[in-house]
Amino acid sequence: MAVPKRHTSKQRKRSRRAHIKLTVPAMHYDATTGEYRLSHRVSPKGYYKGRQVVNETSSDNN
């Protein structure tokens with residue numbers, strides 16, 4: 001069985017794990033609808049880059 005020859009220090013262990021973390025989603029204020037939305041996504045009301053790309057009625061298929 002492979003056994004490390006030296007003890008792994010806390011600094012080395014923590015720097016190896018430094019990229020493992022939670023990220024906050026990039027939220028932006030949409031002036032057209034007055035709501036916050038994720039970047040590069042269509043707003044809940046169907047707007048993208050200031051113009052309507054999806055009708056609200058077409059998304060309600062229930």
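**Exercise 1. Are Arg37 and Asp30 buried or exposed?**

Solution. 
- Start with the basis: this is a predicted model, where local features need pLDDT of at least 70, side-chain atom pairs count only at pLDDT 80 or more, and totals for chains, interfaces and linings use all residues.
- Residues are numbered from 1 along each chain as its sequence is written, and side-chain values use heavy atoms, with hydrogens and water left out.
- Buried means under 20% relative accessible area, exposed means over 50%, and partly exposed lies in between (1.4 Å probe, protein chains only).
- Take Arg37. Its relative accessible area is 17%, so Arg37 is buried.
- Asp30 is buried as well.
- Widen the view. Of the chain's 62 residues, 10% count as buried.

**Exercise 2. Find how many salt bridges the structure holds, and name the partners.**

Solution. 
- Apply the rule: a side-chain nitrogen of Lys or Arg lies within 4 Å of a carboxyl oxygen of Asp or Glu.
- Name the partners. The side chains of Arg37 and Asp30 meet at 3.7 Å, N to O.
- The C-alpha atoms of Arg37 and Met27 are 5.4 Å apart, and 10 residues separate the two along the chain.

**Exercise 3. Describe the aromatic pair.**

Solution. 
- A pair of aromatic rings is described by the distance of the centres and the angle of the planes.
- Rings of Phe, Tyr and Trp (its six-membered ring) pair if their centres lie within 6.5 Å; planes under 30 degrees apart are stacked, over 60 edge-to-face, and the rest tilted.
- Count first. The structure holds 1 aromatic pair.
- The ring centres of Tyr29 and Tyr36 are 5.4 Å apart and the planes stand at 65 degrees, so the pair is edge-to-face.
- Tyr29 has 52% relative accessibility and counts as exposed. Tyr36 has 56% and also counts as exposed.

**Exercise 4. Which residues form the nonpolar patch, and which strands supply them?**

Solution. 
- Patches are made of residues with over 30% relative accessible area and no salt bridge; like charges are joined within 9 Å, and nonpolar side chains (Val, Leu, Ile, Met, Phe, Trp, Tyr) within 5 Å.
- Areas come from the Shrake-Rupley method with a 1.4 Å probe; for residues, only the protein chains shown count as cover.
- List the members: Met27, Tyr29, Tyr36 and Leu38, with about 450 Å² of accessible area together.
- Name the strands. β1 (27–30) and β2 (35–38) each supply at least two residues of the patch.
- Look at one member. Leu38 lies in β2. Leu38 is partly exposed, with a relative accessible area of 35%.

**Exercise 5. Locate the patch of positive charge.**

Solution. 
- Lys and Arg count as positive and Asp and Glu as negative; His and the chain ends are not counted.
- A charge is placed at NZ of Lys, CZ of Arg, CG of Asp or CD of Glu.
- The surface patch gathers Lys10, Arg12, Lys13, Arg14, Arg16 and Arg17.
- Lys13 lies in helix α1 (residues 10–16). At 31% relative accessibility, Lys13 counts as partly exposed.

**Exercise 6. Where do His40 and Lys49 lie, and what is the phi of each?**

Solution. 
- His40 is in the loop between β2 and β3 (47–48). Its phi is positive, about 60 degrees, although His40 is not a glycine.
- Lys49 is in the loop between β3 and β4 (51–52). Its phi is positive too, about 55 degrees, and Lys49 is not a glycine.
- His40 is exposed at 67% relative accessible area. Lys49 is exposed at 68%.

Note on methods:
Helices (H or I, at least four residues) and strands (E, at least two) are DSSP runs, numbered from the N terminus.
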